[in-house]
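Subject: Structure for you to look at

Hello,

I am passing on the structure we spoke about.

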Amino acid sequence: MKTTSSILLLLVATISLTGCNETDTIRPTKTVGWFFEHRDELAVALKACRDNPGELAKTPNCVNANEARNKVTVQEMKDALK
């Protein structure tokens, strides 16, 4: 009985952790504003998103980086019209 319980507990723990993504803990999610203020990191994030769109395109950092890029573009256009 104790062996069965241990195996069941291990199985539940394994299944629970299956959805965890190590990269999320290594690279915390950055906001659009953060990317807007940190242009070098924005460029790095955009490159990583372009290099591996199959895995990264819909991750929070790629979505936020793309939105920040859009805001940067709009800001540059506004600045050019001044």
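Predicted model: local features only at pLDDT ≥ 70, side-chain atom pairs only at ≥ 80, totals over all residues.

I started from valine 72, which sits in helix α6, spanning residues 60-81. Its relative accessibility is 9%, and the cut-off for buried is under 20%, so valine 72 counts as buried. Apart from neighbours within four places in sequence, valine 72 contacts Phe36, Arg39 and Leu42. Phenylalanine 36 is 36 residues away from valine 72 along the chain, yet their C-alpha atoms are 6.7 Å apart.

Val72 also belongs to the largest nonpolar core, which has 9 residues: Val32, Phe35, Phe36, Leu42, Ala45, Leu46, Ala65, Ala68 and Val72. At least two residues of this core come from each of α3 (32-37), α4 (39-51) and α6.

Next, the helix pair. How do α4 and α6 lie relative to each other? Their axes come within 9 Å and cross at roughly 125°, and α4 and α6 are therefore oblique to each other. The crossing of α4 past α6 is left-handed. On the α4 side, the residues that meet α6 are Arg39, Leu42, Ala45, Leu46 and Cys49. On the α6 side they are Cys62, Ala65, Asn66, Ala68, Arg69, Val72 and Glu76. The residues of this contact comprise 8 nonpolar, 1 polar and 3 charged.

Regards

Methods:
Residues numbered from 1 in each chain as written. Heavy atoms only, no water. Helix = DSSP H or I, 4+ residues; strand = E, 2+ residues; numbered from the N terminus. Buried < 20%, exposed > 50% of the residue type's maximum accessible area, 1.4 Å probe, protein only. Contact = heavy atoms within 4.5 Å. Core = buried A, V, L, I, M, F, W, Y, C linked by side-chain atoms within 4.5 Å. Axes fitted to C-alpha atoms, helices over the stretch in contact; angles between N-to-C directions. Parallel < 35°, antiparallel > 145°, perpendicular 65-115°, else oblique. Left-handed = near helix turned anticlockwise from the far one by under 90°. Nonpolar A, V, L, I, M, F, W, Y, C, P; charged D, E, K, R; others polar.
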